[in-house]
Amino acid sequence: MGKYVQAQRKGKSPIFKAHIRTRKGAVKLRSIDYAERRGYVRGVIKDIMHDPGRGAPVAKVQFLNAYRYKRDTELMVATEGMYTGQFIYCGKKATLTIGNVLPLRGVPEGTIVCNVEAKVGDRGAFARGSGCFAVVISHDEDKGTTRLRLPSGGKKTVKSDVRAQIGVVAGGGRTDKPLLKAGRAYHKYAVKRNCWPKIRGVAKNPVEHPFGGGNHQHIGRPSTVSKAAPSGRKVGLIGARRTGRLRGVKKLGQDRD
């Protein structure tokens, strides 16, 4: 009987949890309210901050509370072109300006948006990473839906009432500069979670991994494995329909329109 393999420990052990002590908080749109549904609400950008473990900067935005004598501070995705002291507007009647938040219904086709909701009121789900954006492809007035092109290249249909920020997420081009040395990779992942360095299965001992051992580094069995395999054996290409390089261009159903 061998050890538990690392893939099993990742699901159970607290060693692999996200490192959240220094993080600034959850980055979301405002909670949807009457002001956003009917008109607009104004906020001011107080600060643009670095959030450890996140590639994109974060904007601290302050709004006046509509019901009590206080101010509400929200952490929102910083878009390219934002600056401290800038006013941003959230709501149905907000203008189409960088950083503003408005329903997709009021956004023309071809507009670049980010931090798009998947469902109405979920406060942002798509296109949130540094340099990411989604493009509004078309509106279907009869069904009340909008078609988006996501950063992955895939297309998605969402309700036209979901909100989005206008513009591109700041911090783009981050991956263009190479890390160059292990120390930079160490610090990059130290604030994220314990996922670096990654040791290959064939480089391990037989007790630690199904692909380990042998006089030369070789797998020695098929790299594909059944979905029904027990958890200690379930490594490699799990439930693979095909393996190898993707050659040629395949027309997907989502690309036909």
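Where in the structure is the place of Trp196?

1. Trp196 sits in the loop between helix 3 (182-190) and strand 11 (224-225), where helices (H or I, at least four residues) and strands (E, at least two) are DSSP runs numbered from the N terminus. The model is a predicted one, in which local features need pLDDT of at least 70 and side-chain atom pairs count only at pLDDT 80 or more, while totals for chains, interfaces and linings use all residues. Residues are numbered from 1 along each chain as its sequence is written, and side-chain values use heavy atoms, with hydrogens and water left out.

2. Trp196 has a relative accessible area of 32% and is therefore partly exposed, given that buried means under 20% relative accessible area, exposed over 50%, and partly exposed in between (1.4 Å probe, protein chains only). Leaving aside neighbours within four places in sequence, Trp196 is in contact (heavy atoms within 4.5 Å) with Ala182, Ala185, Tyr186 and Tyr189. By contrast, the C-alpha atoms of Trp196 and Thr146, 50 residues apart along the chain, are separated by 39 Å.

3. Most residues other than glycine have a negative phi, and most peptide bonds are trans.

4. Two residues other than glycine carry a positive phi: Arg123, with a value near 75°, and Leu180, with a value of about 70°. Arg123 is found in the loop between strand 6 (112-114) and strand 7 (134-140), whereas Leu180 has its place in the loop between strand 10 (163-166) and helix 3. Leu180 has a relative accessible area of 74%, so this residue counts as exposed.

5. Ala190 lies in helix 3 and is partly exposed, its relative accessible area being 32%. Although Ala190 and Ala18 are 172 residues apart in sequence, their C-alpha atoms are 9.7 Å apart in space.

6. Strand 1 (residues 41-49) and strand 4 pair in the antiparallel sense over 4 bridges, two strands being counted as paired if DSSP finds at least two bridges between them. Within this pairing, Arg42 stands opposite Tyr89 in strand 4. Strand 4 (residues 87-90) has a covered face, made of Ile88 and Cys90, and an uncovered one, made of Phe87 and Tyr89. In a regular strand the side chains alternate between the two faces of the sheet.

7. How many aromatic pairs does the structure hold? There is 1 aromatic pair, under the rule that rings of Phe, Tyr and Trp (its six-membered ring) pair if their centres lie within 6.5 Å, with planes under 30 degrees apart counted as stacked, over 60 as edge-to-face and the rest as tilted. Tyr40 and Tyr89 form this pair, which is edge-to-face, at 5.6 Å centre to centre and 75° between the planes. Because Tyr40 lies in the loop between helix 2 (34-38) and strand 1 while Tyr89 is in strand 4, the pair ties together parts that are 49 residues apart in sequence. Tyr40 is partly exposed at 48% relative accessibility, and Tyr89 is likewise partly exposed, at 24%.

8. The largest pocket has a volume of about 360 Å³. On a 1 Å grid over the protein atoms alone, a pocket is an open set of points with protein on both sides within 12 Å along at least five of seven lines, a cavity is a set where a 1.4 Å probe fits but cannot get out, and lining residues have an atom within 4 Å of a point. Grid points are joined across faces, edges and corners, and a volume is the space filled by probe spheres set on the points. This pocket is lined by 14 residues, of which Arg174, Leu179, Arg184, Lys188 and Lys192 lie nearest its centre.

9. The structure holds 1 cavity of 30 Å³ or more, and about 40 Å³ of space lies in the largest cavity. The lining of that cavity consists of Arg105, His139, Asp140, Glu141, Gly144, Thr145 and Ser160. Thr145 is placed in strand 8 (residues 145-149) and counts as buried at 19% relative accessibility.
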